[in-house]
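Dear colleague,

Please find below the structure that I am handing over to you. My notes on it follow directly after.

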Amino acid sequence: MKAAVVQFPGSNCDRDMAVALEKSGADVTTVWHKDAALPKGVDLVAIPGGFSFGDYLRCGAIAANSPICNAVVDHANAGGYVLGVCNGFQILTETGLLPGALLRNAGLKYICRTVGLKVETSNSAYTEGYNAGAEIGVPIAHHDGNYFADDETIAKLKGDDRVAFTYTDNPNGSRGDIAGILSENRRVLGMMPHPERAYEQAHGNTDGQRLFAGLMAQLADA
Amino acid sequence: MKARVHVMLKDGVLDPQGAAVKHALGALGFDGVDGVRQGKVIELDLADGATEAQVGEMCEKLLANTVIESYRIEVL
């Protein structure tokens, strides 16, 4: 699997993401926000966490309009895989690749701790390594992770089995306890929790590993 | 031409910052504040020939996220 990790000014989880992908067996390239094209033959684009462009205007708004994001949107529209974690999820909603938006946490506080997640579907490359209904622990670290979408969108996400993860104890006010959602073709995943921070024993928890393993299984020959 | 863009969270979208400001006003003894909504104001200094329609495009594409925010353009 060939993967590209996008770096913006203010990204800070790019290296962790690259390490998790490499340890899973991917061939990883890092791309800069000013690049107008992705490396040839990339299967997966990973948009890491951080504070792209200082979160100015709105989290992810400026990054979503950068040259590389045009290429990421084209990649997704052509059926490519895109994983957005934390700020990456915010960027994906700002590009319109995923519906809804991430608002300020309901409690107004930045929250950095491991939370319980329920795997809502195993029907995606990202979640096929888990059993639907399984509970896992994955760290969050965000100030703006309060998922919002209108009633119709939430109903559609649920009806189409596109909610990938929910919080077992909602930390931020997200509607429907939503922690991560899939695109219509199930190849774009945005999630606030950080699976790359629950990858190695040294992290204290390896529950994120199966997300990467599932991707590898799906894309190994691609 | 100058334009001022007012961006507000749409009705029905939770505004925790506005709620915190309301709470703080109450704590200061300002009774009778039934609600606070916090938004932002963006001032644009525009070259001659710029149109309000162009400012509208800027709002749609970048200045506001119309999933959660509404905007109002004021030409100065």
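Leaving aside its neighbours within four places in sequence, with which residues is Ala198(A) in contact? Contact here requires that the C-beta atoms of two residues, placed from the backbone, lie within 7 Å. By that criterion the partners are Gly137(A), Val138(A), Pro139(A), His203(A), Asn205(A), Thr206(A), Asp207(A) and Gly208(A).

Before I continue, a note on conventions. This is a predicted model, in which local features need pLDDT of at least 70 and side-chain atom pairs count only at pLDDT 80 or more, while totals for chains, interfaces and linings use all residues. Residues are numbered from 1 along each chain as its sequence is written, and chains are lettered from A and ligands numbered from 1 in the order in which they are written.

Two loop residues of chain A

Ala198(A) lies in the loop that runs between strand 11 (188-191) and helix 5 (209-219) of chain A; helices (H or I, at least four residues) and strands (E, at least two) are DSSP runs, numbered from the N terminus. Ala198(A) counts as buried because it has 22 C-beta neighbours inside 10 Å; the class requires 20 or more other C-beta atoms within 10 Å of the residue's own, against 12 or fewer for exposed and values in between for partly exposed, with C-beta atoms placed from the backbone. Its C-alpha atom is separated by 4.9 Å from that of Gly208(A), 10 residues apart along the chain.

Tyr130(A) belongs to the loop between strand 6 (111-119) and strand 7 (135-142) of chain A. Tyr130(A) is also buried, with 22 other C-beta atoms within 10 Å. Beyond its neighbours within four places in sequence, Tyr130(A) is in contact with Val119(A), Ser122(A), Ile136(A) and Arg210(A).

Strand 4 and its surroundings

Strand 4 (residues 81-85) of chain A has 5 of its 5 residues buried. Tyr81(A), Leu83(A) and Val85(A) point one way from this strand, and Val82(A) and Gly84(A) the other way. Strand 4 of chain A pairs in the parallel sense with strand 3 (residues 44-47) of chain A over 4 bridges, pairing being assigned if DSSP finds at least two bridges between two strands. Strand 4 of chain A also pairs in the parallel sense with strand 11 of chain A, over 4 bridges. Leu83(A) has Ala46(A) as a bridge partner in the one pairing and Leu189(A) in the other.

Helix 3 (residues 87-95) of chain A has 9 of its 9 residues buried, so this helix is largely enclosed by the rest of the structure. Its cover includes strand 3, helix 2, strand 4, strand 5 (101-103) and strand 11 of chain A. Just after helix 3 of chain A, Gly96(A) takes a positive phi of about 90°.

Where the chains meet, 12 residues come from chain A and 9 residues from chain B. Helix 1 (residues 16-27) of chain B gives the most to the side of chain B that touches chain A, with 3 residues.

With kind regards
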